[in-house]
Amino acid sequence: MTGMRTAIGLMSGTSMDGIDLAFVRTDGRDRVERGPSHYVPYDEGLRARWKRALATARKITERRQRPGDLAESERILTLAHAAAVKSFLYRLGLGPEAVDVIGFHGQTVLHRPDEALTVQIGDGPLLAEETGIDVVYDMRANDMAHGGQGAPLIPVYHAALAANLPEGLERPAVFVNIGGISNLTYTGQAGRAEELSAFDSGPGNMLIDQWIEAHTGKAFDKGGKTAARGRVVPALVARYLESPFFSGNIRRSLDRGDFLPPKKGAVSLEDGARTLAHVTAAAILKSGGYLPEKAKTWIVCGGGRLNPVIMAEFAALAEQAGAKVIAAEAAGFDGGAMEAEAWAYLAVRSLEGLPLTFPGTTGVREPVTGGVLAAASR
Ligand SMILES: Nc1ncnc2c1ncn2[C@@H]1O[C@H](COP(=O)(O)OP(=O)(O)OP(=O)(O)O)[C@@H](O)[C@H]1O
Ligand SMILES: CC(=O)N[C@H]1[C@@H]2OC[C@@H](O2)[C@@H](O)[C@@H]1O[C@H](C)C(=O)O
């Protein structure tokens, strides 16, 4: 029988708000025991640094290039992750020997699937040295080398979770992550990886975040309070939904720069926030039309589930389509930790040489494994 391993997954997503950590015991197949999770927010200085890194990274033409101060940012990001791992272990009363492997996502600073170019800053060997734990990192590269779009990678973890969906939940159930960007996973009737159908579905919170920050200096619309005071501006919604991304072409994954917030002054702060919350929900429904079957239940994870206006807009649109929207917690999962859990699971799959991606997830030619191992010297 294949053994279980303990892993910590680390996710610094496109919202660039902080580091999610999760502890998982798994065989990298269908056995998954979810453990505790933790979150370490970035301070304003770091968030500003990652934003500058996105601009600097536009110069990159080959994924190993680190123009300007990107190498320094990579080191700072890695050390922030090492500190987060140490504080997580300290809280759990564990030492590094209790963990077999870390799954390290790093920070995406550039994603151009059409040019087979995806760049995550994050120094795996440095993280292994700092923590004393083996690290699997750079999990998107091998997929791209085999014709995939390098994202999304979470679907194979959704497939493992789908094996344990609660009774009474109407199928098909589709996982939706509403992070900076949103993405969908249809796991198929049997929850088998070969039946997976997954792709990015549109802007998640990133437009709302940028809109709120430009007007108020705050990082996001906490509790959807600003959006709740506004109204939907249909002409603005139409402009977003007319994007060729929604017309069923071949793009399965998005970059932060693929959608931009409205120009300041185009509409009021409140109407902008409300309209963008509607766009987030409408984009999911629109992209959901390309799944093999219509969703009956949408299981929402990611920070967007904490924005009641996004959730209300989504629930209303889903109801018109005969479906229900529930937060991941209502299905027994942790909607905040799911991506970090996935990175722990993927790291174990990588060690096992199991595929991370499939034709139905990233468009890769055939199922491929991925990730690079940086061994710790213990
Ligand atoms: N209490 C809240 N009220 C409203 N919105 C919230 C709340 N908490 C988090 N969010 C939103 O969720 C975002 C963070 O979501 P999440 O951590 O899932 O994104 P991510 O993992 O960085 O992105 P991705 O999944 O695209 O990589 C925040 O930037 C904010 O927009
Ligand atoms: C290139 C990149 O970092 N993509 C992210 C982003 O954030 C959400 C969506 O776009 C998803 O495709 C992906 O992250 C998740 C964790 C994934 O790969 O499954």
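A: Let's start with a word we'll need: a residue is buried when its relative accessible area is under 20%, exposed when it is over 50%, and partly exposed in between (1.4 Å probe, protein chains only). Keep in mind that this is a predicted model, where local features need pLDDT of at least 70, side-chain atom pairs count only at pLDDT 80 or more, and totals for chains, interfaces and linings use all residues. Residues are numbered from 1 along each chain as its sequence is written, and side-chain values use heavy atoms, with hydrogens and water left out.

Now the rings. Rings of Phe, Tyr and Trp (its six-membered ring) pair up if their centres lie within 6.5 Å; planes under 30 degrees apart are stacked, over 60 edge-to-face, and the rest tilted. That rule gives seven aromatic pairs here. Take Tyr 42 and Trp 50: their ring centres are 5.3 Å apart and their planes sit at 70 degrees, so this pair is edge-to-face. Tyr 42 has 7% relative accessibility, so it counts as buried, and Trp 50, at 1%, counts as buried too.

Next come Phe 246 and Phe 259, a tilted pair with 5.9 Å from centre to centre and 40 degrees between the planes. Both lie in the loop between helix 8 and helix 9, so the pair ties together parts 13 residues apart in sequence. (Helices here are DSSP runs of H or I with at least four residues, strands are E runs of at least two, and both are numbered from the N terminus.) Phe 246 counts as buried at 4% relative accessibility, and so does Phe 259 at 5%. Ring pairs also bring in Phe 245, linking it with Phe 246 and Phe 259 into a cluster.

Key
Chains are lettered from A and ligands numbered from 1 in the order in which they are written.
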